Amino acid sequence: MSSLTLRKFVMPEVVFGEGARRQAVQYLDNLGVNHALLVTDPGVIASGWIAEIAAAAEAEGIAVSIFSKISENPRTDEVESGAQVYRRNDCNGILAIGGGSSMDCAKGIAILSTNGGEIWNYEGVDQIPHMGPPLICIPTTAGSSADVSQFAIITDRNKKKKFGIISKTIIPDVSLVDPDMLSTLPRSYIAYCGFDALTHAIEAYVSTGSSHLTDLHALEAIRLIKDALPRVYKSEDDAEGTRFIALGSLHAGIAFSNASLGLVHAMAHPLSGVYDLPHGEMNSLLLPHIIRYNFTSSRSRYEQIARTLGVPEDEISREGVEALINVLGEIAEDVGITGTLSDRGVMKRDIPTLADFAVVDGCIVTNPRLPTWEEVTQIYEKAL
């Protein structure tokens, strides 16, 4: 990237720290919301966070309706159902509390509330003509970074595909990042979400859309996550590690929202769409193979990532790409991610369909090396 290349950098207002969730009512009021649609999922409701925040809003005279019928990979019909609840209750703002699924669904509801139509009409880049209502996000995972990004990923179950909506109109107004919200996450989710965040940072750093500003956030995310992820996975009581993993995810989200992503996400999205597999887990299994594919096109940047992950300089010089892949493999093993795609039920016969979806995914555009359909099929086969 030339120092003269023009780049735009956008992000929502962010409040970070323990107890940040308690600012939600103030921001709803500041944004003129008198009836909020609270978008979440059953697991978050069971944790008790929803009752606390809804009661605080109602105590200040802000009515709350709750929509929680959301799958792990949010679906087109769920977005439409949420939009119906929004309209039926005359809501004028949205508060999303949950992981990437809840926040992406909330973005879809916001789109339909002011633009109408079907959510798949907005697939692609900058296809949304009108801004949605005020949107506040409180993430309960550290990985998706949907609370700061201009991306929404929705699953069309009829077509068995995930599609991306990319637009600055769906960047949330406010992100309240409260590390306390991570306390109820299962161990496997910590692993998957952490690898999603790490992949965001790596892909943003090597993206052809990167800039000096996104580089700062991407490298800081990698630095934080490499130590914090294994710590938090192994200990539920590591408050410092939890804070660092939440901060690393935030940095990674700011980086990829502005630099975009690459081939890992382009190939992971179809796997989740066809097999309904956890997105972060798919990223972790694809990442080594795609680094090998990309390495010669962005060698200096991958070497800098290896340095940031603590790989000694002589090892980088001696082993090249394998030095980076080895350290990533060690992190994955530390958090219980091992095996291959075939271990998760992915079948060779489906690879042509997966490749069809991957080569038209918007994330592929900023990959440092643009693959052919045949090359994508070969990478899937190596990951089986």
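How do the residues of the lining of the second largest pocket divide into nonpolar, polar and charged? They divide into 6 nonpolar, 7 polar and 4 charged, with Gly counted among the polar residues.

## Basis of the description

This is a predicted model, in which local features need pLDDT of at least 70 and side-chain atom pairs count only at pLDDT 80 or more, while totals for chains, interfaces and linings use all residues. Residues are numbered from 1 along each chain as its sequence is written, and side-chain values use heavy atoms, without hydrogens and water.

## The sheet

An open sheet is formed by 6 strands in the order 1-9-6-4-2-3, with parallel pairing (strands are DSSP runs of E, at least two residues, and helices runs of H or I, at least four, numbered from the N terminus; two strands pair if DSSP finds at least two bridges between them). Strand 1 (13–16) and strand 3 (63–67) stand at the edges with a single partner strand each, so one side of each is left without a neighbour in the sheet.

## Pockets

The largest pocket has a volume of about 850 Å³, and its lining takes its largest share, 5 residues, from helix 6. By class, this lining has 19 nonpolar, 18 polar and 5 charged residues.

The second largest pocket holds about 320 Å³ of space, and among the 17 residues that line it, Gln150, Lys168, Ser257, Asn258 and Ser260 are the closest to its centre (a pocket is an open set of points on a 1 Å grid over the protein atoms alone, where a 1.4 Å probe fits, with protein on both sides within 12 Å along at least five of seven lines; lining residues have an atom within 4 Å of a point). Helix 8 gives the most to this lining, with 3 residues.

Methods: Points joined across faces, edges and corners; volume = space filled by probe spheres on them.
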